[in-house]
Amino acid sequence: QFTPAPSNYHPMNMNERIFAVGVLFIGLVLFSSLLGSTTALLSQVRKDAYLRLRDSENLRSFLSDNQVSLKLGNQIQHFLRGNRRRHARVTEAELHSLKTLPASLQSELRYEV
């Protein structure tokens with residue numbers, strides 16, 4: 001039962017009991033899969049954040065240890081921070097599925113791009 005209060009609905013014969021057990025088992029598997037995926041995603045996000053933080057600390061330490069001027073250090077950090085946010089553009093050569101398009105669609109696409 002998935003209801004918050006007791007109810008009088010329950011399996012009455014063997015087929016209904018097998019169906020109820022099957023539904024419970026499938027629900028358990030789906031919930032476990034969802035929980036595992038969420039945990040993996042959060043772990044990856046945490047790892048990425050830690051690597052960015054460590055890289056930033058290492059850069060600051062490098063700039064400080066080598067007595068790089070404050071102005072140049074700020075320019076370097078600003079550039080790296082802005083460059084991290086940019087995504088590389090996807091080119092037509094990287095999309096193999098575009099090669100399967102008819103020539104007319106390919107020419108229209110090239111015209112618009």
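Helices are DSSP runs of H or I with at least four residues, and strands are runs of E with at least two, numbered from the N terminus. The model on display is predicted: local features need pLDDT of at least 70, side-chain atom pairs count only at pLDDT 80 or more, and totals for chains, interfaces and linings use all residues. Residues are numbered from 1 along each chain as its sequence is written, and side-chain values use heavy atoms, with hydrogens and water left out.

**Stop 1: helix α1**

Please select Q44, which is found in helix α1. Q44 has a relative accessible area of 39% and is therefore partly exposed; the term covers values between buried (under 20%) and exposed (over 50%), with a 1.4 Å probe and protein chains only.

Now move to V29, a residue of helix α1, which spans residues 14-65. With a relative accessible area of 42%, V29 is partly exposed. From V29 to M14 there are 15 residues along the chain, and 22 Å separates the two C-alpha atoms.

Which residues make the nonpolar surface patch? Select F25, I26, L28, V29 and L30, which together make a patch of about 520 Å². Patches consist of residues with over 30% relative accessible area and no salt bridge; nonpolar side chains (Val, Leu, Ile, Met, Phe, Trp, Tyr) are joined within 5 Å, and like charges within 9 Å. The accessible areas come from the Shrake-Rupley method with a 1.4 Å probe, and for residues only the protein chains shown count as cover.

**Stop 2: the loop between α1 and α2**

The next selection is Q67, placed in the loop between α1 and α2. Is Q67 buried or exposed? Q67 is exposed, because its relative accessible area is 71%. The backbone also deserves attention: phi of Q67 is near 50°, a positive value in a residue other than glycine. Most residues other than glycine have a negative phi.

**Stop 3: helix α2**

Proceed to Q77 in helix α2, which covers residues 70-85. Q77 has a relative accessible area of 17%, so this residue is buried. Neighbours within four places in sequence aside, Q77 is in contact with L59, R60 and L63, where contact means heavy atoms within 4.5 Å.

Then select R81, also found in helix α2. R81 is partly exposed, at a relative accessible area of 39%. Together with R52, R60 and R84, R81 forms a positive surface patch. Helices α1 and α2 each supply at least two residues of this patch.

**Stop 4: the salt bridge**

A salt bridge is a side-chain nitrogen of Lys or Arg within 4 Å of a carboxyl oxygen of Asp or Glu. How many salt bridges does this rule give? The count comes to one. To view a salt bridge, select E92 and R110, whose side chains meet at 2.9 Å, N to O. The pair links distant parts of the chain, 18 residues apart: E92 lies in the loop between α2 and α3 (103-112), and R110 in helix α3. E92 counts as partly exposed at 37% relative accessibility, and R110 is partly exposed with a relative accessible area of 48%.

Methods
Lys, Arg positive; Asp, Glu negative; His and termini not counted. Charge placed at Lys NZ, Arg CZ, Asp CG, Glu CD.
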